[in-house]
Amino acid sequence: MTAPMTTTGPDLRDYVLRLGDDALVAAQRVAGWCTRAPQFEEDVALANIALDLLGQARALLTYAGELEGLGRDEDALAFGRDEHEFRNVQLVELPDDDFATAIAKMLFFGVYQRLLYTGLSRAADPTLAGIAAKAAKETAYHVDHAVSWTLRLGDGTAESHRRMQAAVDHVWPYTHELFEPGPPPAAAGPGADPAALRGPWCREVEQVLAEATLRRPEDGWAPTGGRSGVHTEAFGHLLAEMQYVYRAHPGARW
Amino acid sequence: MTAPMTTTGPDLRDYVLRLGDDALVAAQRVAGWCTRAPQFEEDVALANIALDLLGQARALLTYAGELEGLGRDEDALAFGRDEHEFRNVQLVELPDDDFATAIAKMLFFGVYQRLLYTGLSRAADPTLAGIAAKAAKETAYHVDHAVSWTLRLGDGTAESHRRMQAAVDHVWPYTHELFEPGPPPAAAGPGADPAALRGPWCREVEQVLAEATLRRPEDGWAPTGGRSGVHTEAFGHLLAEMQYVYRAHPGARW
Amino acid sequence: EEGAARFEALIAADGKIEPRDWMPDGYRRSLIRQIAQHAHSEIMGMQPETNWISRAPSLARKAILIAKVQDEAGHGLYLYSVAESLGVSREWMLDELHAGRQKYLSFINYPTLTWADVGALAWLTDGAAVVNQVSLCRTSYGPYARALVRICKEESFHHRQGFDLLYALSRGTPEQRAMLQAAVDRWWYPALAMFGPPDHMSTHSAQSLAWRIKRATNDELRQRFVDICVPQARVLGVTLPDPALRWNAERGHHDFTPPDFEELKRVVAGNGPCNRQRLAHRRRAHEDGAWVREAAAAYAAKHGESREA
Amino acid sequence: EEGAARFEALIAADGKIEPRDWMPDGYRRSLIRQIAQHAHSEIMGMQPETNWISRAPSLARKAILIAKVQDEAGHGLYLYSVAESLGVSREWMLDELHAGRQKYLSFINYPTLTWADVGALAWLTDGAAVVNQVSLCRTSYGPYARALVRICKEESFHHRQGFDLLYALSRGTPEQRAMLQAAVDRWWYPALAMFGPPDHMSTHSAQSLAWRIKRATNDELRQRFVDICVPQARVLGVTLPDPALRWNAERGHHDFTPPDFEELKRVVAGNGPCNRQRLAHRRRAHEDGAWVREAAAAYAAKHGESREA
């Protein structure tokens, strides 16, 4: 049904696929807010962010398909792979139970993405560097947006503070997976070592939480598995919806 | 991808397919309550009802496939048809927004099914008569269950009364489609004329609503389309989930 | 009196009325009704499209669809602010919408049942909106006219993208072509009905034309739209669902069967397939977001407006 | 004193203790803990399976799955009533569960990621439960022993159905076989861990054995389970994920690598992949249903208990 995933394939292709899957799944979740946002300005902003993420996903998946050399385009990769073939972190697939959860995810993931893309914009591989340079600018906006809402929700009403703290507590354990060791391939360059991003990430996020009068959760439980294709139960439902039409019409072009 | 639906095919096959689709979609919705019911006794009861409905669906779809003679079994019909090929009424596909909605649907659909199956148990077609005789007994239990909850919610607390009335008001317009004119095929016998069921249905339902201190909604808006393959927006999402695994593995046996 | 004279003179000279200008109460009320309805239509019209964002079968089409929905939210915002220039608040307009006292275009109350509906919706209803709005770009109220210029440009773009989506289906599998035809069958009449009741039944038209709020009659615009669609349908290889549709060389226009205006009335009155669903969805989004808006207000009060994003 | 003597005599004679019999506080507490945990496990164990009801790829399998989940709800109800015979209420037990003070079996905190997980869960964890419960059927508390006889029968049935589901996959496409192997890889150790810590680390075992609440040690049962699984795995054509697994002719048993008990401890302490999700789901169902339970109570109060269904 799908071409088998080669684990012996080029390192860079796997690496690019990870980045692409992160962006794709994040885009699918953020787009789920359309017509459901708390105000129309936010419908516009979230659609904008979803579009940025989707654009990153498309560029990255297209490039991963080229590196792979099996003739799979962005759609074959997005719609034709099974759950265990997706390499995104679990953080991005978590359901957006409420607006606070969406914002917590956007803050944590956005800061990570901005640091990573900034590093990758100096990658030896020119295609990856080009994608990253554009994406770094986009994610700076996502972070601004998430920060402004984190402040307003954390330091808004008692109810919003309660919800935002609950969201931060809920999402926090899933941030560890972002920084799992494993150096990036040489072509990605040294600026993208996830382990090295953890320090700057923590400093930035902790400062935002403090300003928002939110408690920084303890580190402890650190769920993982996304990078090796092990996901949360919510992910299968996301894929069923996302891939249904494509799979119901094998071989069709859209 | 699927064999085309012949509109010139045997009348009885189309008729049996309708009944089967009603039961299948109702079963899918009721089964959605597993682990979500307000008490464990209700988890048991709703699973029981879902199983009855699913059993009816399996018998009916299998028989429809035989009448059709194209080699489609119950699974090919359940998982391999597109949305517009489903012939169920819209009532059964409505999302169960809360427990009151689930009960209102079960009451309205259950009374209809019991009356219809009772009539069909005298059908000239022995297979259909056999399926209907068994199903009539099962639906009697579904009705008892729905009635007992309608009374408790309607005549329980102010909050439950408000919710139950809202559910009855919400679902009521979709009951008209159950009785849309069109005599059943000869093999189904005269006891199954939907138009003739409307009187007894109204009397029975109105009595339950009155006893439950609920207002019987005005007749007016009467959405329709299910019998010709036009459904609500919710139905496509239901199918995407229900059919995903089957479609992701074309030709596989389970 | 001076204001009234100036207003009449401006209208007669095909000039623009601006927010601070004097205007008759009826003119103001008509405009508020019309602009609010336009804004609500942008906002409510996001729903049938959003229904397919999660399932779009290609990433390129998914992006186009999100961008379209985003444009509509933007149009809604822009139009609410135009209406606010007439002295009503967005909050009030939303209350009116949620209570069912202000309307939105009736086609929004039909369901999008397949991926092809996304295309048909854009091709036909955005196409109709463009025909309508091109004419409205010369409307007499300045802020609305300027908004429409921008909105029209984007709607034309949406219309073309819808056509392109359908064109891909028309070159596709038998199932895709069947999906395309079924969607066109569903959306043709809801689109024709967008131009409103026929001229002889239209209650607001005469005065609106006199005030140059409207610039063409419902039937004129409807005819224009049909004439545009027929050759496009031919390119798509679809049959428009009207056996009476044919070229009338004498009139230089296509003859066609008008929409069922009884159905239009029923849908406007709240009894279309999705009226209840659409309004319930909108109300729920508004209610679910209340705590967020309250938090933003509380934060702004504590920290001064300057801190607000 | 008389009661204590009678209790000791009954235990010594392998007789049954009944609800009205005198029993030591520790015996009662141990039983409550064990039976509540068993009931909670039935209830919480419905979640990983229910995750696949909506997506089951055949109607026959969907029916089997619903019936299994229904059986488990029934077992839960039965077991709560057995615990109630020891003087605690279902409500209290649920509060303890929701607050995280009473536990349920740790395997429930792993996700079901594919359809094959539904089968592997039933084959391995129901299989392990049967091994455990067959031994418990001779437990000294009469009501629990009788409940277990019935429960065991149904669990054996579930175990066989799970095997049958996997057998179909083992005869299927390469994707299905890969799905099968991956699911067995995921569920093998969670199933082995169901027998609890090794005997030398088990805190409750000795006293429970003396009171004949338990009838075999954790390690004895685990060995029995491994010996049963190995030939079944061969029929399925799957590799059990333990390179050290081999027949030891001298012992007449298979040697195997025991589960990682540090992981078991972490999961029991709340840090498995799904602990938070499972408990949040349970709490939400309970909270969402509060208005329904209140309505039922209000109705019963108005109309007398006889009217209650």
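This is a predicted model: local features need pLDDT of at least 70, side-chain atom pairs count only at pLDDT 80 or more; totals for chains, interfaces and linings use all residues.
**View 1. Two copies related by a two-fold axis.** Chain B can be laid on chain A by a turn of 180° and a shift of 0.0 Å along the axis, with an RMSD of 0.0 Å. That is the relation of a two-fold axis. The superposition is by least squares on C-alpha atoms of residues with pLDDT of at least 70 in both copies. The same surface serves both copies: 100% of the contact residues of chain B recur in chain A.

**View 2. The interface of chain B and chain A.** Here 11 residues of chain B are in contact (heavy atoms within 4.5 Å) with 11 residues of chain A.

View 3. Tyr244(B) is found in helix H9 (residues 233–248) of chain B; helices are DSSP runs (H or I) of at least four residues, numbered from the N terminus. At 10% relative accessibility, Tyr244(B) counts as buried (under 20% relative accessible area, 1.4 Å probe, protein chains only). Its side chain makes a polar contact with the side chain of Gln243(A) (2.4 Å). A polar contact is a pair of N or O atoms within 3.5 Å; within protein, one must be able to donate a hydrogen and the other to accept it, and residues adjacent in sequence count only if both atoms are side-chain atoms.

**Notes.** Residues are numbered from 1 along each chain as its sequence is written, and chains are lettered from A in the order in which they are written. Local features need pLDDT of at least 70, side-chain atom pairs count only at pLDDT 80 or more, totals for chains, interfaces and linings use all residues, and side-chain values use heavy atoms, leaving out hydrogens and water.

Conventions. Helices (H or I, at least four residues) and strands (E, at least two) are DSSP runs, numbered from the N terminus. Buried means under 20% relative accessible area, exposed over 50%, partly exposed in between (1.4 Å probe, protein chains only).
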